Amino acid sequence: MRSEAQTAALGGGATWRTIMLVVMGLLGAAVLVAMIVTLGSANRQRDQALDLQAHSYDVMILARTLSGTIARSEASLGRYVISGDKQLGQLYFDEWVLAGSQIDRLDRITGDNPEQQTRIDRLRAAYDARGRELSLTALNTSYGKNSQALARYYQARKAPTLIEINATLDTLIARERALLDERTASAMGSVDRSSRVAGVLAVFGVLLVLGAILLGWFTIRAVGERATALADAELERERAAELTAAVAAATAELRAQEAKLRQIQKMEAVGQLTGGIAHDFNNMLAVVLGGLELARRSIGADHADARRHIDNATEGANRAAALTRRLLAFSREDSLKPESIDAAALVAGMSDLLDRTLGDAITLIARAETPGGCVRADRVQLENAVLNLAVNARDAMNGRGTLTIATGTATLAAGQVGQCAAGAYVTISVVDDGCGMTPDIAERVFEPFFTTKDVGKGTGLGLSQIFALVQQLEGEVTIASTPGEGTAVTLYLPRTADAVAGPLPASVLPVSTTVAPVVPAAAMLDILVVEDDPRVLTATIGALEEIGHRAIACDDPLAAPALLAANPTIGLIISDVLMPRQTGPEMIAALSPLYPHIAVLFVTGFAGEVNVAQFGGHDVLRKPFTLNGLERAVIAALAAERAPSPAQHERIAAE
């Protein structure tokens with residue numbers, strides 16, 4: 001019985017052990033399965049969190065890129081409106097189309113988010129409305145309506161559509177950032193829950209040797225993966241911080257470039273405005289001066305009072321003409337007469353003039369720091385620039401102090417000073433020890449009509465004329481000023497070889513420069529006068545009749561061929577340059593093959609929009625002009641080389 005009991009007990013123990021082994025095996029298998037499921041779920045949640053984070057980053061980056069593309073497109077449109085360059089117009093169009101494709105891509109990648117889809121729809125509607133607004137501006141520019149296009153462009157910069165685009169993009173980015181934070185928090189919560197489950201299984205696996213070993217292995221692996229996930233998340237946060245800093249830097253740079261663009265646009269717009277005003281003003285002055293001179297010739301010597309009043313009016317008109325020339329110089333539409341000038345010699349030659357102008361209380365120091373610095377420029381305008389700087393310095397010193405004018409040379413890298421290209425430059429520095437300027441005043445000194453002087457003590461055109469001169473010569477001007485310590489103005493002008501330059505082409509010189517030895521004019525000459533302004537046309541006809549010629553009026557260049565055919569005795573065509581339906585050079589280019597024997601004289605007060613080569617070597621008389629100037633211009637035009645007239649052909653054939 002005992003042995004049977006022991007056997008039964010042993011059998012029962014074996015059975016229990018077997019059961020325990022089975023239970024241990026099942027529990028170990030359960031622990032293993034639980035660990036595999038937990039780790040798999042943790043991996044999937046981590047991968048999903050990383051994918052969602054990458055998705056949010058893609059949306060934010062694409063939104064920022066879209067904002068930059070729209071800004072570049074509108075900046076290209078602004079440059080196109082100002083310059084009329086078709087390539088800039090094409091660049092604006094390409095950038096705008098690219099922005100549309102970026103909106104489509106943004107629509108695709110946010111297709112799983114109905115809330116963001118609503119914002120994308122608003123963004124697309126604002127983009128389409130904005131495109132229609134900008135297309136009107138581009139269309140006006142394409143048809144040459146620059147003033148209207150510029151007005152539309154400035155109005156469009158404050159349009160509700162632009163505000164809607166920027167606001168929608170900011171809202172979209174803010175929502176994606178919030179989603180990113182929510183998804184990151186959710187992923188971290190999932191990882192924490194998985195870690196807790198893994199810890200429970202690890203404690204339970206201690207009771208199971210095999211389960212404990214497997215659980216420990218899986219736990220170590222889970223901990224390693226968690227550490228890797230945390231390291232990846234930290235790396236992504238650092239990348240996000242770097243991206244945010246890069247976006248901020250790019251935004252700051254874009255704002256700085258926009259500020260520079262606004263300043264350039266303002267100066268260009270003012271230049272165009274002053275050029276147009278000068279054109280109309282020259283036409284009026286031509287009428288005034290012509291009428292005054294005709295009136296002076298009409299009255300007798302016994303009308304002293306009337307002659308005095310006419311002389312006073314003439315002096316005022318001439319002063320207005322001088323102001324107009326300064327306006328044209330600022331707008332860079334007045335022709336230059338360049339020559340090779342030694343800057344040091346020019347300043348030295350102006351010493352007496354500067355001494356008399358500045359007064360005895362100003363100590364003038366003129367020095368040449370580097371000899372041999374020559375520039376190719378208009379001597380009169382360069383002298384005026386130095387004189388204007390000296391007078392401004394005298395006023396800044398209240399008529400007492402030390403003024404230093406230094407000339408030298410410098411070799412600049414591209415963009416080292418303003419927009420100067422790389423190369424050799426001549427420098428002219430005017431330094432005073434006067435009151436100096438604050439930064440806000442120094443920033444505006446080159447604006448036309450801006451002045452800190454009292455009323456009647458300056459027009460505010462001196463420094464703007466200097467600005468226009470250096471821009472015309474492809475140079476630069478800088479100002480360094482400290483309140484209470486003085487101001488230094490430096491001109492950087494491209495250096496040229498030390499050789500005397502040739503004369504300017506006859507097509508752009510004033511008549512007085514191009515006239516050869518005077519030859520007597522014909523007693524009576526039939527002259528066709530083509531001028532769209534009726535007042536200038538009347539004044540020019542009166543002046544020609546006063547000097548003994550017969551004038552035929554033509555107020556439309558397209559009517560000139562018919563008048564020439566009806567009046568075969570016409571020997572000279574006097575034509576305005578800028579006219580609405582056809583320019584003077586275009587009209588002459590069409591008539592020259594038909595009437596090569598007829599002399600041509602252009603009369604203009606504004607030739608900036610016409611290519612100098614289109615004058616074809618014909619003389620140009622600047623408005624306003626005197627009767628003597630008109631007579632000399634007619635003589636010079638008749639003296640120019642041209643084909644013989646049909647009457648001369650007949651005479652030669654008869655001989």
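**Ground rules.** I number residues from 1 along each chain as its sequence is written, and side-chain values use heavy atoms, with hydrogens and water left out. As the model is predicted, local features need pLDDT of at least 70 and side-chain atom pairs count only at pLDDT 80 or more, while totals for chains, interfaces and linings use all residues.

**Helix α2.** I looked up its length first. Helices here are DSSP runs (H or I, at least four residues) and strands are too (E, at least two), numbered from the N terminus. The 24 residues of α2 (residues 86–109) should span 34 Å at 1.5 Å a residue, the expected span being 1.5 Å times one less than the number of residues. The end C-alpha atoms are 35 Å apart, which agrees. I then listed its buried residues (under 20% relative accessible area, 1.4 Å probe, protein chains only), and they include L88, Y92, W96, A99 and I103.

**Aromatic pair.** I found 1 aromatic pair (ring centres within 6.5 Å). The rings of W96 and Y127 have centres 4.7 Å apart and planes at 15°, so the pair is stacked (planes under 30 degrees apart). W96 sits in α2 and Y127 in helix α3 (residues 114–142), 31 residues apart. W96 counts as buried at 9% relative accessibility, and Y127 does at 10%.

**Cores.** A nonpolar core is a set of buried Ala, Val, Leu, Ile, Met, Phe, Trp, Tyr and Cys residues joined through side-chain atoms within 4.5 Å. The largest one has 37 residues, and L382 is among those touching the most other members. Its largest share, 8 residues, comes from α10. Apart from it I noted another core of 32 residues, including Y80 and A99.

Definitions and conventions:
Buried < 20%, exposed > 50% of the residue type's maximum accessible area, 1.4 Å probe, protein only. Phe/Tyr/Trp six-rings, centres within 6.5 Å; stacked < 30°, edge-to-face > 60°.
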